[in-house]
Amino acid sequence: MSYIQLIIADQTRTISGTVHGFFGDALVAALTAEPETIEELRLAVARFVKPVTDSSPFHDFREEENFEPYDAGILIIDLAGRLVATDSSYSQHSYEGSIRVRDEFTDNDAVLPYRLSDDWLVVNSVPEYEAVAKQSRTSRLASGPLDVRQVLFGKALLEFIVKECSEAAVSDEQQLFTRIHKKWLMHEREDLGGRAPRDVLLEKQEFIDFDLHSRSLQWSFTKEGPPPLPSNSRAYRFSGFGTNEIVIYYDLVRYLLNECFQQTNADTSLDSEMARLEELRNEWLSGPNGEYDGRAPDHIIQWERRRVNMILSAHDLIIDEDCEICQAMAADFDTPAFWNLDGCNMDEGFEFSFYKTREEFDENERQMEEFNREFDRDLKAGNYSKSFDEATSDPF
């Protein structure tokens, strides 16, 4: 029993047909691309299953809603309601799962992990689906997408920076930029749906980072980069923020604060200074940046939003050009290395951390303090030097 009844619905249509259970697994994994339409789902499944023809994998499907199980069971994917319903002896789906892809290094398949975003709901029967489908669709349609980048990168940010710099024009406060930056991140705003910029930045960080991690594993196994998200897809246009963009956003805010503070004077109008900062912002985002190995910040952001890993060539990994071993390894290195930002140069404190709640941050601080105390005690007792001597002694 390997086939299932598959129903796919978006805002405008519903289709159904019978497919192998593995293809159902691939479709659920493809939901990591956050498709909104059946066509976007068709493109998203190619991230895991390479098409063998130009025709749609749904070309034989019927335009109907058929909840009658077939062979191993049934799978419902409701894109409009962000719902997955599965009742099958082939697979039981959840928010986390795995899918097999061809491993070019062995004769076996490699297993790739995936995670769905938090806005998906997974249920285990058709009756459960029917009980929540209408409400889920209505709720998502009522809320609608919000282009938060218009706020975080746009007029709201520039106006905030100019006003704050104007008020602090003669300040000699050592942590001035840190204080202003915290104020921007932590203040709840109506144009962000009552959320603070920090909440928006971190909302989907873990999900996007994990998806990119899965794609890097796939690239390493298959020796081929998975297809990116289309730039006209809703998932791209209203994307959440991954770590790369969060770090770049931190650097941008600090850059604009510095530029504004250096130029602020009594004769500068709000509009003229905002226009100047807007031009500086655009130049900074589009120009090569030495802090990012010569990459343009906007280029890094675009690739992350399209879920494409930034890669390093084998030559980029050579530290010593005169090292024969390094040269030989580079010649044989046929899988990419991956480049990411990690926020190591960001300010300390909860406001600039990647923890969503202060309780999580405080608990981590407590654990780190305890670890450091234990390390100091063991170091003073000579435990580490003894262990090192034992580990490095010649057993013969």
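1. Basis. This is a predicted model, in which local features need pLDDT of at least 70 and side-chain atom pairs count only at pLDDT 80 or more, while totals for chains, interfaces and linings use all residues. Residues are numbered from 1 along each chain as its sequence is written, and side-chain values use heavy atoms, with hydrogens and water left out.

2. The sheet. Five strands form an open sheet with mixed pairing, in the order β2-β1-β3-β4-β7. Helices (H or I, at least four residues) and strands (E, at least two) are DSSP runs, numbered from the N terminus. Two strands pair if DSSP finds at least two bridges between them. At the edges lie β2 (14-20) and β7 (121-123), each pairing on one side only. On average, neighbouring strands of this sheet are turned by 15 degrees against each other, direction ignored. Axes are lines fitted to C-alpha atoms, for helices over the stretch in contact, and angles run from 0 to 180 degrees between N-to-C directions.

3. β3 and β4 pair in the antiparallel sense, over 6 bridges. Asp78 has Leu83, in β4, as its bridge partner. α1 packs on the sheet and touches β1 (3-9), β2 and β3. The direction of α1 makes about 130 degrees with that of β2. Contact here means heavy atoms within 4.5 Å.

4. α1 against α2. Helix α2 covers residues 38-45. α1 and α2 pack at an angle of about 105 degrees, with their axes 9 Å apart. That angle makes α1 roughly perpendicular to α2. Angles of 65 to 115 degrees count as roughly perpendicular, under 35 as roughly parallel, over 145 as roughly antiparallel and the rest as oblique. From α1, Phe23, Ala26, Leu27 and Ala30 meet Leu41, Ala44 and Val45 of α2. By class, this contact has 7 nonpolar, no polar and no charged residues. Ala, Val, Leu, Ile, Met, Phe, Trp, Tyr, Cys and Pro count as nonpolar, Asp, Glu, Lys and Arg as charged, and the others, Gly among them, as polar.

5. α11 against α12. α11 (residues 270-286) and α12 (residues 297-305) pack at about 70 degrees, with their axes 5 Å apart. α11 is therefore roughly perpendicular to α12. Trp284, Leu285 and Ser286 of α11 meet Pro297, Asp298 and Ile301 of α12. The contact of α11 with α12 has 4 nonpolar, 1 polar and 1 charged residues.

6. The largest pocket. About 840 Å³ of space lies in the largest pocket. On a 1 Å grid over the protein atoms alone, a pocket is an open set of points with protein on both sides within 12 Å along at least five of seven lines, a cavity is a set where a 1.4 Å probe fits but cannot get out, and lining residues have an atom within 4 Å of a point. Grid points are joined across faces, edges and corners, and a volume is the space filled by probe spheres set on the points. The pocket is lined by 32 residues; Glu34, Asp119, Glu203, Lys204 and Phe238 lie nearest its centre. α8 (205-222) is one of the helices that supply at least two residues of the lining, and its 4 residues are the largest share. The lining has 11 nonpolar, 7 polar and 14 charged residues.

7. The largest cavity. The structure holds 3 cavities of 30 Å³ or more. The largest has about 110 Å³ of space. Of its 13 lining residues, Leu185, Leu201, Ile246, Met346 and Glu351 lie nearest the centre. α6 (176-186), α7 (197-202) and α10 (243-263) each supply at least two residues of this lining. The lining divides into 9 nonpolar, 2 polar and 2 charged residues.

8. The second largest cavity. This cavity holds about 40 Å³ of space. Its lining includes Gly21, Gly24 and Asp25, along with Ile74 and Thr86. α1 (21-30), β3 (73-78) and β4 (83-88) each supply at least two lining residues. α1 gives the largest share, 3 residues. By class, the lining has 4 nonpolar, 6 polar and 1 charged residues.
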